Amino acid sequence: MNKLKYLLVLSLSIITVLSGCEKEEENNKIDPSDRLDQYSILGKWKLQGLTIGGITDMSIRFDTLELIGDSELDDLKGEFTRTQYGPDINGTFELDTANSIIHFDINNTQRSFVFAVSYNYLTFKYYEDSVEIIEDWRKEE
């Protein structure tokens with residue numbers, strides 16, 4: 001009978017210690033989410049449509065754009081890879097959320113686009129030679 005009580009007390013002690021450690025570990029976890037997550041822009045996107053000067057290009061697109069956060073979680077900066085016909089384009093980006101602008105830096109050259117995210121769709125709007133260009137992207141991942 002004494003052995004049974006001893007085993008019961010030992011079992012309860014072990015359970016208490018294990019559950020206490022688990023709660024402490026949960027409380028010490030740091031939220032690793034990037035500040036960019038709140039703008040739903042991170043992920044892999046596939047080009048769905050291209051409109052140039054009001055005319056929609058109906059050709060099939062294979063371009064992809066992958067936006068990932070950088071090592072600094074508190075900023076609105078990240079890295080990107082654009083895969084298209086020809087060599088991939090890599091660089092960094094930064095969001096200006098107050099003006100809905102995304103700045104892409106490619107080899108010390110900056111391009112800025114107005115952006116909008118709605119559900120799984122991302123739109124870039126910009127001008128080249130005074131012609132409005134709109135790129136429509138759909139989220140893949």
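How many aromatic pairs does the count come to? The count is 7 aromatic pairs, where rings of Phe, Tyr and Trp (its six-membered ring) pair if their centres lie within 6.5 Å; planes under 30 degrees apart count as stacked, over 60 as edge-to-face and the rest as tilted.

Before selecting anything, note that this is a predicted model, in which local features need pLDDT of at least 70 and side-chain atom pairs count only at pLDDT 80 or more, while totals for chains, interfaces and linings use all residues. Residues are numbered from 1 along each chain as its sequence is written, and side-chain values use heavy atoms, with hydrogens and water left out.

**Stop 1: the aromatic rings**

Select F80 and F104. Their rings form an edge-to-face pair, 4.9 Å centre to centre with 80° between the planes. This pair links distant parts of the chain: F80 is in strand β4 and F104 is in strand β6 (residues 101-106), 24 residues apart. Strands here are DSSP runs (E, at least two residues), helices are runs of H or I with at least four residues, and both are numbered from the N terminus. F80 counts as buried because its relative accessible area is 5%, and F104 is buried because its value is 5%. The cut-offs are these: buried means under 20% relative accessible area, exposed over 50%, and partly exposed in between (1.4 Å probe, protein chains only).

Next select F124 and W137. These two rings are also paired edge-to-face, at 6.4 Å centre to centre and 65° between the planes. Here strand β8, which holds F124, is linked to strand β9 (residues 131-139), which holds W137, and the two residues are 13 apart. Both F124 and W137 are buried.

Now show F80, F93, F104, F113, F124, Y126 and W137 together. Ring pairs link these residues into a cluster.

**Stop 2: the salt bridges**

How many salt bridges does the structure hold? It holds 5, a salt bridge being a side-chain nitrogen of Lys or Arg within 4 Å of a carboxyl oxygen of Asp or Glu.

Select R82 and D63. Their side chains meet in a salt bridge of 3.1 Å, N to O. R82 is in strand β4 (residues 77-83), and D63 is in the loop between β2 (55-57) and β3 (64-69); the pair links distant parts of the chain, 19 residues apart. R82 and D63 are both buried.

Move to R111 and E128, whose side chains form a salt bridge of 2.8 Å, N to O. It joins distant parts of the chain: R111 in strand β7 (residues 109-118) and E128 in strand β8 (residues 121-128), 17 residues apart. R111 counts as partly exposed because its relative accessible area is 33%. E128 is partly exposed because its relative accessibility is 36%.

Then select E132 and K125, which meet in a salt bridge of 3.9 Å, N to O. E132 is partly exposed, at 27% relative accessible area, and K125 is partly exposed, at 36%.

To finish this stop, display D63, R82 and E135. Salt bridges that share partners join these residues into one network.

**Stop 3: two backbone angles**

Most residues other than glycine have a negative phi. Select N107, in the loop between β6 and β7. Its phi is positive, near 50°, and N107 is not a glycine. Is N107 buried or exposed? N107 is exposed because its relative accessible area is 71%.

Last, select N108, which lies in the loop between β6 and β7. N108 has a positive phi of about 65° although it is not a glycine. N108 is exposed, with a relative accessible area of 84%.
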